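Me: Please look over the model shown here. I should like to discuss its architecture and its charged contacts in turn.

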Amino acid sequence: MIPPEIFRKVRRIQIVTGALVDEVFAGQYHSAFKGRGMEFEEVREYTPGDDVRTIDWNVTARTGRPFVKSFREERELTVILVVDVSPSQHFGSRQQLKSELVAELGATLAFSAIRNNDKVGLILFTDRIERFVPPRKGTRHVLRVIRELLYHEPAGRRTDIALALEYLSRVMTRRAVVFLISDFQAPRFTSALQVARHRHDVIPVIVWDERERQFPPLRYVELWDPETGQQAVVDTSSQSWRARFEEVAQQRRQMLLSELRRLRLDAIEVATGQPFVEPLRRFFRSRERRR
């Protein structure tokens with residue numbers, strides 16, 4: 001049995017993200033992603049302005065009047081949320097955990113997909129594959145996806161993005177739109193990412209918290225890495241320590257973004273305690289212009 005508080009969370013996320021999809025992202029999601037190709041629809045009589053390259057010469061010769069073939073975009077897509085649920089996701093300093101932000105973001109993307117009659121699937125991972133929910137349509141299916149994002153208790157303790165991408169390639173043989181949602185605090189995943197981007201439309205979504213990039217002067221603070229178990233006591237009132245902390249964090253961010261640009265991947269950055277509407281909007285607009 002799922003506890004009542006989980007049902008309440010699911011319901012709240014359904015209401016908030018459902019309204020967000022209807023009011024903010026209506027049409028933008030549809031415009032951002034191409035369908036699987038063009039499907040023949042009908043032959044109709046030529047009208048001025050039609051592309052002469054679409055003339056059906058067989059029908060034209062038979063009738064003595066020009067006819068053209070018309071096509072429509074084969075719209076249905078498969079959207080896969082590949083979500084990092086490692087212990088580092090259970091961190092947040094602004095009244096929101098990274099895992100909570102991921103659940104709301106994932107719900108928004110999932111509802112956007114089903115509003116456009118697309119399928120949605122889910123892969124949860126740590127240093128192992130935690131859960132695979134095959135892609136399907138419908139609101140009930142999306143609610144199951146949200147429950148998994150909120151309720152799943154991971155068995156793994158670290159993060160292996162390469163493993164998740166290799167599993168994706170095995171279970172998804174047809175091209176899909178893949179949102180890879182993680183804080184990307186993991187080693188050696190760029191080769192797997194390069195392979196995945198050739199098979200799928202991969203969009204990295206970088207989830208971060210302010211305290212992972214900047215620290216206030218709080219005197220002595222015990223820091224603990226939930227994935228490695230390492231602990232350290234640091235004097236955060238030290239200006240040099242804070243400067244070095246920010247420098248290292250910025251270097252890591254720039255290296256990640258540089259690597260994603262090299263792979264020609266469009267990254268979305270979202271932060272705890274901040275609305276993710278504008279980052280998503282910028283992404284959808286960028287994709288729409290490119291189309």
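**Sheet, helices and salt bridges**

Me: Which residue in β7 is the bridge partner of serine 182?

Reply: This is a predicted model, in which local features need pLDDT of at least 70 and side-chain atom pairs count only at pLDDT 80 or more, while totals for chains, interfaces and linings use all residues. Residues are numbered from 1 along each chain as its sequence is written, and side-chain values use heavy atoms, leaving out hydrogens and water. Strands β6 and β7 pair in the parallel sense over six bridges, where two strands pair if DSSP finds at least two bridges between them. Within β7, serine 182 has as its bridge partner isoleucine 206.

Me: What is the handedness of the β-α-β crossover from β6 to β7?

Reply: Helices (H or I, at least four residues) and strands (E, at least two) are DSSP runs numbered from the N terminus. A crossover is right-handed if, with the strands pointing away from the viewer, the path from the first strand over the helix to the second runs clockwise. The chain passes from β6 through helix α7 (residues 190-199) to β7, and this crossover is right-handed.

Me: In what order do the six strands of the open sheet lie?

Reply: The pairing in this sheet is mixed. Neighbouring strands are turned by 15° against each other on average, direction ignored. The order is β5-β4-β3-β6-β7-β10.

Me: Which residue of β6 stands opposite leucine 81?

Reply: Strands β3 (residues 78-84) and β6 (residues 177-182) pair in the parallel sense over five bridges. Valine 79 stands opposite valine 177. The β6 residue opposite leucine 81 is phenylalanine 179.

Me: How many of the six residues of β6 are buried?

Reply: Buried means under 20% relative accessible area, exposed over 50%, and partly exposed in between (1.4 Å probe, protein chains only). On one face of β6, Val177, Phe179 and Ile181 are buried, and on the other, Val178, Leu180 and Ser182 are buried. The number of buried residues in β6 is therefore, by that definition, six.

Me: What angle does the direction of helix α8 make with that of β7?

Reply: Axes are lines fitted to C-alpha atoms, for helices over the stretch in contact, and angles run from 0 to 180 degrees between N-to-C directions. Helix α8 (residues 239-262) packs on the sheet and touches β7 (201-208) and β10, contact meaning heavy atoms within 4.5 Å. Helix α9 (residues 277-290) lies across β6, β7 and β10, at about 170° to β10. For α8 against β7, the angle is about 170°.

Me: What is the distance between the end C-alpha atoms of helix α4?

Reply: The expected span of a helix is 1.5 Å times one less than its number of residues. The 18 residues of α4 (residues 98-115) should therefore span 26 Å, in agreement with the model. Of these 18 residues, 16 are buried. The end C-alpha atoms of α4 are apart by 26 Å.

Me: How many salt bridges does a search of the whole structure find?

Reply: A salt bridge is a side-chain nitrogen of Lys or Arg within 4 Å of a carboxyl oxygen of Asp or Glu. One example joins the side chains of aspartate 127 and arginine 128 at 3.4 Å, N to O; aspartate 127 has a relative accessible area of 29%, and arginine 128 one of 40%. Lys98, Asp183 and Glu212 are linked in a network of such bridges. The search finds a total of 16.

Me: Is glutamate 148 buried or partly exposed?

Reply: Glutamate 148 forms a salt bridge with arginine 144, the closest N and O atoms being 4.0 Å apart. Both residues lie in helix α5 (residues 139-151), four residues apart, about one turn of the helix. Arginine 144 is partly exposed at 31% relative accessible area. At 13%, glutamate 148 counts as buried.

Me: How far apart are the closest N and O atoms of arginine 262 and glutamate 259?

Reply: These two residues lie in helix α8, three residues apart, about one turn of the helix. Glutamate 259 is partly exposed, at 23% relative accessibility. The closest N and O atoms in this salt bridge are apart by 2.5 Å.

Me: What percentage of the 291 residues in the protein is buried?

Reply: The secondary structure comes to nine helices and 10 strands. The C-alpha trace spans about 90 × 45 × 35 Å along its principal axes. Buried residues make up 45%.
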